[in-house]
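The sequence and structure come first, then my notes.

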Amino acid sequence: MKTVFSETQLAHAPEKEISDGELKPAVEIPSRAEIVLKTVKERNTGEVLAPEAFPLRPIHRVHPPQYVGFLEGFWEMWTAAGRSGEAFPFVWPIRSLRQDTKINHVDGLLGRYSMDAGTPLGQHTYKAARASVDTALTAAKLLLAGEKSAFALCRPPGHHAGFDFFGGYCFFNNAGIAAQYLRDNGLNRVAILDVDYHHGNGTQALFYDRPDILFLSIHADPKDEYPYYLGYADETGEHAGTGFTRNWPLPLGTDWDAYTPALEEACRWLLVYKPDAMIVSLGLDCYEEDPISGFRFKSEDYLRLGQRLAKVGVPTVFLMEGGYAVEALGTNCVNVLEGFEG
Ligand code: SP5
Ligand code: ZN
């Protein structure tokens, strides 16, 4: 299987993040991608390609120009306001606050376009996030050219980013943009299977009212885990999309045996839906040693995950999302790819 990766994705290099009431060392860091790339090369998974530079058009199919423009112009605005370090939002237009005012101040805009205070924005975030989208789109294009699978070594990740907001270490919704791109290039039905430990709230919301992009997610129960406000079992889509979203929230402590029934159900949905292509939002944070997560996958379980997904028998883009146990990340990720290839 071919891997797509761009060094530009390493330029987003946050130092710290706000979590558990503290400023802590950031966990969504460049070494995550570096170790996966190193393992892909060591284990000869296949050729590694640089992504094509795509125009903004496929991004604008999913995110509005105002949001994209905010991210693009952010650093200039931030430094013009006299700031120099990485930024965190801290005020949001929630219930009872005005939604309709035109905001110009960078602090107001940070809240307008975000969902949490846990996602640092820096000087090179925009260009790294663009490169991450290019990586996803290039992998999708490989499927259109006839490849049976491709690996998009994306970073920063994407599945928490919504229509017009960043959060959860995500800026552009790589999986959503790739899915829409596949639709726009002749595929009728695309499935997204999200196996990141956290619910893919951004991806779900993008396609919640659409039957042409099926969204399936297996994740830690949001009553106990980020993102808290989405990812419950009763969310199954709306309007024309009714029945085309499925969630399997699982308890903290879930191991492979407890995970398998949900995975089997998700695979049955895939068989019924018969997508022309599948995008796997491949978070690796279900791993037992993950520093911010609470599931108990072992490294060999990722091999099993890849084997199971191969049996679905659909052209597949694996697209990296989260996973923060850096030492094991390469092994776990390549285990999925090797499991899939058999
Ligand atoms: C893509 C992705 O995996 N994003 C995850 C974002 C999670 N943000 C919330 C982090 C909260 C960390 N709390 C850790 C508790 C264990 N000490
Ligand atoms: Zn995650």
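**Entry 1: Pro89**

I found Pro89 in the loop between helix H3 (65–80) and helix H4 (106–112). Helices here are DSSP runs of H or I with at least four residues, strands are runs of E with at least two, and both are numbered from the N terminus. The model is predicted: local features need pLDDT of at least 70 and side-chain atom pairs count only at pLDDT 80 or more, while totals for chains, interfaces and linings use all residues. Residues are numbered from 1 along each chain as its sequence is written, and chains are lettered from A and ligands numbered from 1 in the order in which they are written.

Is Pro89 buried or exposed? I noted Pro89 as buried, because 24 other C-beta atoms lie within 10 Å. The cut-offs, with C-beta atoms placed from the backbone, are 20 or more others within 10 Å for buried, 12 or fewer for exposed, and partly exposed in between. Not counting residues up to four places away in sequence, Pro89 touches Leu110, Gly111, Ser114 and Ala117. Contact means that the C-beta atoms, placed from the backbone, lie within 7 Å. I also checked Tyr113: it is 24 residues from Pro89 in sequence, and 8.9 Å from it in space, C-alpha to C-alpha.

**Entry 2**

Leu49 is partly exposed, with 16 other C-beta atoms within 10 Å. Leaving aside neighbours within four places in sequence, I list Lys2, Val4 and Thr138 as its contacts. Ala87 is 38 residues from Leu49 along the chain, and their C-alpha atoms are separated by 32 Å.

I then traced the open sheet: eight strands with parallel pairing, in the order S4-S1-S5-S10-S9-S6-S7-S8. Strands S4 (48–49) and S8 (245–250) stand at the edges with a single partner strand each, so one side of each has no neighbour in the sheet. Two strands pair if DSSP finds at least two bridges between them. Between S7 (residues 213–220) and S8 I have six bridges, in parallel. Phe215 stands opposite Thr245 in S8.

Strands S2 (residues 16–19) and S3 (residues 22–25) run antiparallel and are joined by four bridges. Ser19 has Glu22 in S3 as its bridge partner. The two strands form a hairpin with two residues between them, and Asp20 in the turn has a positive phi of about 55°.

**Entry 3: helix H9**

Which residues of helix H9 (residues 299–310) are buried? I noted Asp301, Tyr302, Leu305, Gly306 and Leu309. They cover an arc of only 150° around the axis, which puts them on the same side of H9. The arc is that of the directions from the helix axis to the C-beta atoms. These buried residues pack against helix H8 (256–273), strand S9 (277–282), strand S10 (316–320) and helix H10 (326–341).

**Entry 4: ligand 1**

I counted 16 residues around ligand 1, the closest being Pro157, Gly168, Tyr226, Ile292 and Gly322. A residue is near the ligand if its C-beta atom, placed from the backbone, lies within 6 Å of it.

**Entry 5: whole chain**

The protein chain has 10 helices and 10 strands. I put down 50% of its 342 residues as buried. Its C-alpha atoms fill a box of roughly 55 × 45 × 40 Å along the principal axes. Among contacts between residues at least 6 apart in sequence, 76% join residues at least 24 apart.
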